[in-house]
Amino acid sequence: MSEVIYLDNAATTAVDPRVVQEMLECLGPCGDYANPSAVGHAPGRRARARVEQARAEVAALVGADPAQVIFTSGATEADNLALLGAARFYRERGRHLVTSRTEHPAVLDACRQLEREGFEVTYLKPGADGIVEPAQVEAALRKDTILVSLMQVNNEIGVAPDIGAVGRLCRARGVLFHVDAAQGAGKLPLDVNRDCIDLLALTAHKVHGPKGIGALCVRREPRLGLVPMLYGGGQERGLRSGTLPTHQVVGMGAAYRIAAAELDSDGARIGALRQTLWQGLAALPGVSLNGHPTRRVPGILSVSVDGVEGESLLFALPGLALASGSACAATSGEPSYVLRALGRSDRLAQSSLRLSLGRFSTAAEIQYAIEAIVAAVTRLRAIAPPVGS
Amino acid sequence: MTGGDPRYGDGVRARMERPRGVGEFTPGPDVATGRAGDREQGAEVVLQCRVTAGRVAEARFRAFGCPHFIAAASWLTERLTGGSRDDLERWDWREVAEALEVPAAKFGRLLTLQDAVRAVAGNWPGGAASTV
């Protein structure tokens with residue numbers, strides 16, 4: 001085992017060595033490093049072929065046509081392009097959007113920007129299990145609603161709403177449906193046609209691909225309008241100007257191809273490890289699971305630990321790399337807004353741990369983590385005053 | 001580069017890894033107890049001093065809070081030993097802030113510790129101020 005057990009795969013993952021190898025083939029003087037837009041020469045055409053192969057691999061994982069895939073710098077940019085781009089394009093049709101309170105900041109902050117531009121946003125409150133139900137979405141739709149945005153898998157607690165049901169509802173009502181699939185793509189099945197998804201934000205680095213590359217799948221039939229955010233060379237059909245980073249794109253394609261091939265086997269193995277982890281921690285009194293027990297992604301476990309303070313708990317676990325909440329918010333010191341939205345008290349939200357497993361997590365690491373957490377919690381509780389003393 | 005967390009100084013690390021002064025005394029006429037803080041607010045401490053001849057013979061604590069808070073409570077048990085009631089009434093949280101390099105964001109929690117020290121002084125065995 002390594003010096004520190006990595007259980008923060010929801011923040012980012014190690015790049016799979018198979019992906020690294022394919023990326024390396026696009027770097028260096030003998031590699032396919034040429035500008036993929038420079039199709040006037042052979043090296044450029046080789047790079048372009050690599051990019052198109054990767055585009056097809058990304059599309060295949062989510063049941064899309066390759067022409068739907070617009071490469072971006074990651075899911076944050078894809079979310080922004082989807083929300084800002086669609087809302088600005090369709091602003092004469094309506095100015096109302098629906099999302100949930102537990103979305104990633106990439107969506108919430110984009111919605112706040114749209115509010116500054118005159119749009120109205122309804123923020124749905126999930127149930128105590130963290131799930132936003134289709135009936136809630138239906139109740140929130142108005143005549144002027146132009147877009148609904150929900151995440152496939154919540155990044156803090158791992159729960160997964162019924163994306164397909166919401167997609168069919170939106171399609172029937174003529175409302176655009178955007179899904180942030182940063183945490184779910186390659187881990188839970190997803191199909192843009194079956195699930196009636198108009199805009200799908202993807203990233204590579206949550207599924208053992210490189211950081212700095214993502215994609216937005218945009219519905220083509222009928223064509224969906226977007227106002228671009230970047231202007232320049234007109235790459236990616238004018239929706240995302242900028243030279244494509246061939247090695248990153250190829251890395252994303254490889255990661256998605258591997259994820260598609262290993263989704264079932266990885267999911268079963270990682271899900272079993274997560275269950276072992278949960279059972280080991282649940283043996284401690286005062287430990288509760290955050291989120292629905294079964295409607296969830298295999299690799300994310302979020303628990304609240306009563307009777308210990310969150311920062312001290314993390315301090316007491318130097319051998320584990322894990323999160324006390326979303327990595328994006330962990331530096332703020334504020335209790336997680338996701339756990340607050342679920343009705344957790346500030347104290348329980350603050351004493352939560354997110355343990356996220358990945359392809360390279362092992363049974364030995366999970367056993368070590370259980371023992372380390374049980375020991376740390378027991379020690380900190382022994383220091384604390386008895387409750388009600 | 002090392003993986004050491006720069007938020008914590010050596011004093012905090014040492015006292016979190018091996019906290020000294022944890023526990024409580026059997027209640028008795030020579031034991032003064034001070035409580036402060038609120039677990040819901042993220043910091044709670046119970047501080048006890050066993051008093052002999054008008055001075056703290058030994059101090060113990062229990063604390064719920066962040067590493068700085070627990071380490072400061074542990075530090076306090078040694079700092080108070082040998083002190084009089086007057087010393088406890090005059091003790092200022094800035095002393096432990098400096099000793100353990102506590103960041104400004106945590107100063108409020110040290111005031112909670114100061115409240116506990118004052119409460120111990122208020123519950124001093126015999127009630128009268130020390131003249132020793």
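How many residues of domain 1 of chain A are in contact with residues of domain 2 of chain A? The count is 25 residues of domain 1, and they meet 23 residues of domain 2. Keep in mind as you look around that this is a predicted model.

Here's how chain A is divided up. The domain assignment gives domain 1 as 5-11 + 263-377, and domain 2 as 17-258.

## Where the domains touch

Let's take the domain 1 side of this contact. In chain A, H7, strand S10 (300-305) and helix H9 (337-341) each bring at least two residues to the side of domain 1 that touches domain 2. S10(A) gives the most, with three residues.

What is that side of domain 1 of chain A made of, sorted by class? There are ten nonpolar, eleven polar and four charged residues.

## A look at helix H1

Now for helix H1 of chain A, which covers residues 17-24. Its buried residues are A:Val19, A:Glu22 and A:Met23. Look down the axis of H1(A) and these buried residues fall within an arc of 100°, so they line one face of the helix.

Which exposed residues sit on the face of H1(A) turned away from its buried side? They are A:Pro17 and A:Gln21. As for what covers the buried residues of H1(A), that includes helix H7 (246-282) of chain A. H7 is also one of the elements supplying at least two residues to the side of domain 1 that touches domain 2 in chain A.

## Chain A meets chain B

Chain A also has a partner: eleven of its residues are in contact with 16 residues of chain B. On the chain A side, helix H8 (310-315) and helix H10 (346-350) each supply at least two residues. H8(A) gives the most, with three residues. By class, this side of chain A has five nonpolar, three polar and three charged residues.

## Chain B itself

Chain B has five helices and three strands. Starting at the N terminus, its elements run α-β-β-β-α-α-α-α. Its radius of gyration is 15 Å, close to the 14 Å that the globule rule gives for 132 residues, so chain B is as compact as a globular protein of that length.

Along its principal axes, the C-alpha trace of chain B spans about 55 × 25 × 25 Å. Of the 132 residues of chain B, 44% count as buried. Among contacts in chain B with a separation of 6 or more, 65% come from residues 24 or more positions apart.

Key
Residues are numbered from 1 along each chain as its sequence is written. Chains are lettered from A and ligands numbered from 1 in the order in which they are written. This is a predicted model: local features need pLDDT of at least 70, side-chain atom pairs count only at pLDDT 80 or more; totals for chains, interfaces and linings use all residues. A residue is buried if 20 or more other C-beta atoms lie within 10 Å of its own, exposed if 12 or fewer, and partly exposed in between; C-beta atoms are placed from the backbone. Helices (H or I, at least four residues) and strands (E, at least two) are DSSP runs, numbered from the N terminus. The arc is that of the directions from the helix axis to the C-beta atoms. Two residues are in contact if their C-beta atoms, placed from the backbone, lie within 7 Å. Ala, Val, Leu, Ile, Met, Phe, Trp, Tyr, Cys and Pro count as nonpolar, Asp, Glu, Lys and Arg as charged, and the others, Gly among them, as polar. Domain bounds come from an automatic or database domain assignment. The radius of gyration is taken over C-alpha atoms; the globule rule is 2.2 Å times the number of residues to the power 0.38.
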